[in-house]
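Have the structure open as you read.

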Amino acid sequence: MRNLILAIGCLSLVACGGGGSTTTPSPAPPPPAATLTSIPEIQGSGNTSPLEGRDVRFTGVVTGDFQANDADTQSNLRGFYVQDVPDENIATSDAVFVFDGDAPTVDVNVGDDVEVTGTVGEFFGETQVAASKVRITGSGAIQPARIDFPRPRVTTNSDGDRIVDLEQFEGMLIRIPQTMTVASVRELDRFGEVLLSAGGRPYQITNGNSPDTTGNEQYRDEIAKARIVLDDGNTEENPESIRYMNAGAAPASSIRVGDQVTDVTGNLRYSRGSGGSGTQGWRLEPTVDPEFSAANPRPGTPSVSGSLRVASFNALNFFTGIDAGEPDCGPSGQDNCRGADSAEEFDRQLSKIVSAISQMDAHIVGLIELENNAEESLRTIVDGLNVVLGAGSYAFVDSGTIGDDAIKVGFIYQPATVNLQGTFAILDSDVDPRFDDTLNRPALAQTFALKSNDALLTVIINHLKSKGSDCNEVGDPNAGDGQGNCNVTRRNAAAALAKWAASDPTSSGDSDVLILGDLNAYVEEDPLTTLKAEGFINLVETASGAEAYSFVFDGQSGALDHALVSSSLAQQVVETIVWHINADEPRVLDYNLDFGRDPALFDASSAYRSSDHDPVIVGLDLVD
């Protein structure tokens with residue numbers, strides 16, 4: 001036994017170069033190569049990677065090149081997408097984003113076979129691999145996966161918003177072959193994104209359906225299943241170059257809600273608009289330039305039949321007081337200013353308003369969202385119009401401050417066509433407690449006499465409580481039936497308005513009444529049905545039905561601005577239009593210079609994007 005042990009020990013010494021031997025030791029063998037991990041293993045079947053925080057090595061084909069500092073200066077996501085052949089599990093994506101920063105050491109191109117080593121992580125909801133090594137090993141090709149909308153499932157993002165469920169395709173090269181409609185361009189300038197929806201322009205549910213809690217829940221799901229964001233392939237916020245600004249549009253025009261795009265291809269990304277900003281959801285990063293069609297071209301100058309034209313126009317917070325951050329606007333001089341932030345912005349805003357109103361050529365215009373001062377806001381607009389159209393072309397109803405809100409409604413008119421008949425009247429809480437003027441702006445009525453035949457018309461301009469903030473303090477919460485916040489407040493105001501309008505508030509002795517303005521209610525909501533139940537006829541609904549719209553919110557169109565007439569006036573109506581110059585347009589074209597916006601995009605002579613609401617114009621042939 002001892003001899004055997006010694007022999008083994010001797011063999012061991014020789015092998016180690018011991019026992020006085022001068023043999024050079026052999027180098028240690030390299031460590032075995034790290035095991036390849038498949039991309040589906042990295043992605044997993046859930047919303048986050050099961051390998052988060054671990055180092056991996058994988059292979060695949062580059063399907064989307066969005067690297068920094070390469071020949072493609074238009075797209076930069078600071079990385080690229082790698083995809084492998086599909087596995088048998090449809091719940092796991094076959095692609096992943098590789099992050100390689102601002103100065104990648106290897107410039108990849110679409111079609112490169114690559115081997116990537118890096119660390120798995122989650123970046124604002126997207127599974128990524130932060131590369132430590134990238135090696136090009138050959139070439140290959142991956143065909144895009146076809147995806148049709150609407151999709152079968154909906155989920156929620158980290159903010160609780162409903163979005164389409166596309167987790168199984170994260171990072172993959174996809175193709176949407178069908179025609180998609182532009183549903184919103186709100187974030188075009190800030191994040192370079194266009195919201196697309198299948199099945200045509202999406203509308204607010206209560207624009208064509210009665211309010212209903214169950215129906216609203218189902219409808220919100222269907223809206224989410226049908227849409228996706230077309231991104232610009234860039235993480236830059238407020239990019240200097242806006243990729244889709246003039247995509248497919250006519251010369252000197254812009255992309256608009258209602259335009260269309262067919263057969264888009266790109267990589268599917270889950271992210272916010274830029275870093276932590278913007279809405280979280282699924283974005284298509286194009287690998288082929290999309291080709292838009294101008295399915296919703298800009299309308300020209302309106303031509304409305306009738307000898308008398310009356311319009312409603314939202315002036316988008318036209319304040320003569322500059323918003324310099326001090327609360328020195330409104331009737332008390334202690335309200336926050338809401339409009340232009342500088343003299344330059346003010347001039348731009350005024351020129352847009354003047355361009356729109358002068359092109360409408362309405363004889364009476366009810367204005368909304370004016371600074372609630374004595375006369376400065378109205379006088380400034382009238383003065384601007386008279387510079388362009390000639391002295392005395394317009395005058396204003398000197399109604400002074402109205403209520404104590406920072407904004408008010410008001411009237412301007414063409415004295416060559418109409419005279420004021422009597423004095424104005426105001427509807428507020430003192431007239432009818434149902435009209436809560438701490439939430440609704442007081443309504444303003446004025447009777448006008450048509451000079452040609454002395455026919456009388458009483459016009460009432462309104463701005464009811466918005467849906468944007470809650471009314472919980474007055475026991476009026478969002479009921480979840482599609483009508484949004486403060487519906488009871490608006491419904492009560494509408495009931496008070498109907499009674500007041502029928503009472504001849506201006507003592508005109510004439511029953512012809514036109515109710516105009518921003519009622520902040522869609523066609524089938526309670527405030528409108530309340531007015532209709534009292535005998536008023538909604539001209540906007542009559543003209544366009546469930547497809548009426550004057551505003552776009554959350555990628556859904558709908559009519560918030562209305563014109564309703566008494567039964568005696570209905571037979572004198574010739575034509576009603578909503579002039580779609582604002583709601584469909586990108587906000588980058590308005591007066592604001594926020595976020596370093598390019599001033600050269602602004603056109604003072606253009607009516608387009610003079611506000612966020614579209615004007616309503618009614619043509620009448622008044623009879624005495």
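What follows is a short tour of strand pairing and helix packing. Keep in mind that this is a predicted model. As a reminder, the strands of a sheet pair through backbone hydrogen bonds, either parallel or antiparallel.

**Strands 1, 4 and 5**
- Strand 4 (residues 112-123) pairs with strand 1 (residues 55-66) in the antiparallel sense, with seven bridges between them.
- If you want a spot to look at there, Asp-55 sits opposite Thr-119 of strand 4.
- Strand 4 also runs antiparallel to strand 5 (residues 126-139), and twelve bridges join the two.
- One of the places to check is Val-114, whose bridge partner in strand 5 is Ile-136.
- The hairpin of strand 4 and strand 5 has two residues between the strands, and Phe-124 takes a positive phi near 50 degrees there.

- Six strands make up an open sheet with mixed pairing, in the order 17-18-16-15-28-27.
- Within strand 28, Val-616 stands opposite Val-578.

**Helices across the sheet**
- Helix 5 (residues 343-360) lies across strand 15 (308-318), strand 16 (364-371), strand 18 (407-413) and strand 28, and runs at about 165 degrees to strand 15.
- Helix 6 (residues 376-389) lies across strand 15, strand 16, strand 17 and strand 18, at about 35 degrees to strand 18.

Notes:
Residues are numbered from 1 along each chain as its sequence is written. This is a predicted model: local features need pLDDT of at least 70, side-chain atom pairs count only at pLDDT 80 or more; totals for chains, interfaces and linings use all residues. Side-chain values use heavy atoms; hydrogens and water are left out. Two strands pair if DSSP finds at least two bridges between them. Helices (H or I, at least four residues) and strands (E, at least two) are DSSP runs, numbered from the N terminus. Contact means heavy atoms within 4.5 Å. Axes are lines fitted to C-alpha atoms, for helices over the stretch in contact, and angles run from 0 to 180 degrees between N-to-C directions.
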